[in-house]
Amino acid sequence: MESLYRTASNFGDWLGAQSLIYFPVVSVLILAAIILGAVPVLVLAERRGAAWIQRRSGPNRVGPFGLFQTVADAIKLIFKEANLPKRAHLFLFLLAPALAVIPPFVALAVIPLGGDVLFGPNAYPFQGVNLSVGLLFFLAISSLHVYSVLTAGWASNNKFSLMGGLRSSSQMISYEIVIGMAIVSLVITYGTLDLREIVYLQQSTSGALPAWGVFKQPVVFVLLWICSFAETNRLPFDLPEGESELVAGYHTEYSGLTFALFMMGEYVAMLAASAFLSTLFLGGFNIPFITEAELLKFFLDMNIEQTAASIMTVACQFAALAAKIGFFMWVFIWVRWSLPRFRYDQLMSLGWKVLLPISVMNVIGTMLYSYFAAGGAA
Amino acid sequence: MIEPTILQYILGTLILSTAILTVLGKNPVMSAMSLMGTLFLTGLLYFTVGAHFVGTVQILIYAGAICVLLIFIVMLLDLKPHNVRIPGRKPVYLFAGGISALFATGLVISTLPALGTNGMLDSGVIAANNLVEDAQSAKAISLTLLSKYMLPFQVTALLLLAAVMGVVVIGQKNKLTDSEGKGS
């Protein structure tokens with residue numbers, strides 16, 4: 001055990017000496033590896049979860065408990081011919097799958113994944129990029145996701161695809177307005193756009209409960225949760241690819257690797273939405289009732305060198321964040337196999353006539369509350 | 001002295017080329033996509049000078065919202081290249097082009113005082129850069145917007161409201177034909 005600590009400490013020294021400036025690069029690479037590793041697990045969880053909900057066995061033949069089923073699926077998709085329709089707009093047709101994957105990855109970069117890693121006097125946040133406007137940046141980049149669906153629908157030169165693309169864009173625009181209004185009241189509550197600062201604001205406890213955003217703004221939490229289903233095109237809002245009406249919607253013409261990219265984009269977008277919700281409402285990487293300083297002190301008291309102790313702290317915090325993300329991911333799967341699809345007019349009236357008025361009322365309520373809570377002075 | 005980095009040169013080239021594609025492209029959807037590219041890359045250019053808030057808002061509003069609507073409309077109309085009439089060389093187009101070129105030149109000239117000797121940015125621009133680099137840039141911008149520029153802000157809001165009402169009026173069906181259509 002002693003030698004293990006020494007190895008860790010030497011490793012820390014080496015990192016501290018060699019690659020301080022490369023830390024952002026390292027954290028981005030770790031982030032990309034985590035996302036790429038998580039997607040196959042999620043696909044398998046979805047299939048096994050669906051089977052469990054429907055009282056089937058699900059994929060259980062490839063490897064123990066069907067663990068390698070996604071690997072087999074991936075190999076099949078990679079070696080399958082990607083069909084290019086003759087009258088499709090080739091450039092946009094091939095651009096669309098790339099646009100489906102890139103924005104969720106970039107959006108995930110601003111999510112704080114853990115506390116500070118300490119190298120001597122320097123502290124490095126475990127996060128892809130620490131932006132002062134992370135909250136807005138996440139919304140901006142995830143709003144670009146709609147382009148993939150739109151261009152895929154149009155470039156396929158297929159009526160079903162076009163209908164799917166148009167449906168998707170009007171759906172996303174409608175629900176983005178709700179998201180924007182909901183975020184306004186959240187920003188008033190937190191008083192910052194910095195996601196890292198928001199996480200640290202939720203570190204303390206208020207009474208018996210942790211000071212999480214879900215207890216401060218429960219209405220916004222429900223609104224954003226509903227909207228995240230619409231933004232990721234998941235059931236009950238998967239109108240763009242409703243198979244009973246539109247074959248497969250915008251990705252009807254896609255096959256092989258191009259289809260795999262769309263599927264991967266959907267799962268990464270779900271991951272991003274879950275991480276966003278966890279960060280804003282469930283305290284992000286905070287472990288309930290334990291602050292980062294307490295956890296670090298716990299490891300330091302075990303005679304662990306500072307850098308190694310901070311890395312262990314960050315690992316614990318990341319595990320907490322992963323558990324929260326896992327919860328939201330499971331609800332995504334659970335809802336998909338529990339609720340039927342909305343009709344298109346129901347979807348629109350839910351967005352415009354129910355969610356939007358609620359979010360506007362909530363903004364007004366939050367403004368009045370913060371005005372009077374501050375003593376009525378501007 | 002701020003000297004543009006290689007990244008900024010690359011971004012600038014890309015912005016100009018997508019802008020040219022927007023104007024010269026024969027396919028309306030490709031033009032709209034190029035416009036989206038121009039606006040998005042401009043947002044990235046703001047990021048390279050440290051104006052994170054302005055860059056984010058640029059992407060959020062222009063690339064994320066306005067261009068989606070634009071492309072949505074273009075796709076809904078389903079304009080094929082052969083359906084679009086390319087205007088000929090009429091005097092009125094030359095006139096319009098001349099006016100636009102004049103305004104564009106004026107805009108460029110009006111920013112020239114910001115450039116010091118050797119085409120480098122002078123201290124005023126650097127100070128402005130430092131201001132946006134400030135972590136509180138969102139706060140600083142909103143405070144300025146809601147105090148110093150309150151009147152233009154409100155006037156813009158009024159203008160947008162008028163535009164929305166205009167759209168409602170234009171989009172309204174003729175009441176006579178509407179009631180006939182219901183057949184009650």
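**View 1. Arg47(A) is joined to Asp73(A) by a salt bridge.** In this predicted model, the closest N and O atoms of Arg47(A) and Asp73(A) are 2.8 Å apart. Arg47(A) belongs to helix α2 of chain A and Asp73(A) to helix α3, residues 69-79, of chain A. The two residues are 26 positions apart, and their pairing links distant parts of the chain. Arg47(A) is partly exposed, with a relative accessibility of 34%. Asp73(A) is also partly exposed, at a relative accessible area of 22%.

**View 2. A second salt bridge pairs Glu46(A) with Arg336(A).** Here the closest N and O atoms lie 3.1 Å from each other. Glu46(A) is part of helix α2 of chain A, which covers residues 23-53, while Arg336(A) is part of helix α14 of chain A, residues 306-336. The pair therefore ties together parts separated by 290 residues in sequence. The two partners fall into separate accessibility classes: Glu46(A) counts as buried because its relative accessibility is 3%, under the 20% limit, and Arg336(A) counts as partly exposed at 27%.

**View 3. Asp345(A) and Arg343(A) form a salt bridge.** The closest N and O atoms of Asp345(A) and Arg343(A) are separated by 2.9 Å. Asp345(A) is partly exposed, its relative accessibility being 42%. Over all chains, the structure contains 3 salt bridges. Side chains of opposite charge can pair when their charged atoms come close.

View 4. Thr232(A) has a relative accessible area of 6%, so the residue is classed as buried. A polar atom of the Thr232(A) side chain is 3.4 Å from the backbone oxygen of Phe229(A). With residues up to four places away in sequence left out, Thr232(A) touches Glu266(A), Ala269(A), Met270(A), Ala273(A) and Phe332(A).

**View 5. Phe160(A) is shown in helix α7 of chain A.** This helix comprises residues 159-190. Phe160(A) is partly exposed, at a relative accessible area of 37%. Setting aside neighbours within four places in sequence, Phe160(A) makes contact with Glu245(A), Leu246(A), Val247(A) and Gly249(A). Gly351(A) is 191 residues from Phe160(A) along the chain, and the C-alpha atoms of these two residues are 24 Å apart.

**View 6. Chain B is built from 8 helices and 0 strands.** Read from the N terminus, the order of elements in chain B is α-α-α-α-α-α-α-α. Of the 184 residues in chain B, 22% are buried. Contacts between residues of chain B at least 6 apart in sequence include 54% that join residues at least 24 apart. Chain B has an accessible surface of about 13100 Å², and carbon and sulfur atoms account for 74% of that surface.

**View 7. Chain B meets chain A through 25 residues of chain B and 26 residues of chain A.** About 2200 Å² is buried between the two chains, with 82% of this area given by carbon and sulfur atoms. On the side of chain B, Val68(B), Phe72(B) and Met75(B) lose the most area to chain A, together 24% of what that side buries. There are 0 salt bridges between chain B and chain A. The two chains have 2 residue pairs in polar contact, both residues being at pLDDT 80 or more.

**View 8. Helices α2 and α3 of chain B each give two or more residues to the side that touches chain A.** Helix α2 of chain B runs over residues 28-48 and α3 over residues 52-77. The largest share of this side of chain B comes from α3(B), with 15 residues. By class, the side of chain B that touches chain A consists of 20 nonpolar, 4 polar and 1 charged residues.

Key:
Residues numbered from 1 in each chain as written. Chains lettered and ligands numbered in written order. Predicted model: local features only at pLDDT ≥ 70, side-chain atom pairs only at ≥ 80, totals over all residues. Heavy atoms only, no water. Helix = DSSP H or I, 4+ residues; strand = E, 2+ residues; numbered from the N terminus. Buried < 20%, exposed > 50% of the residue type's maximum accessible area, 1.4 Å probe, protein only. Contact = heavy atoms within 4.5 Å. Areas by Shrake-Rupley, 256 points an atom, 1.4 Å probe, with all protein chains shown as cover. Buried area = accessible area lost by both parts, 1.4 Å probe. Salt bridge = Lys/Arg side-chain N within 4 Å of Asp/Glu carboxyl O. Polar contact = N/O pair within 3.5 Å; in protein donor to acceptor, adjacent residues only side chain to side chain. Nonpolar A, V, L, I, M, F, W, Y, C, P; charged D, E, K, R; others polar.
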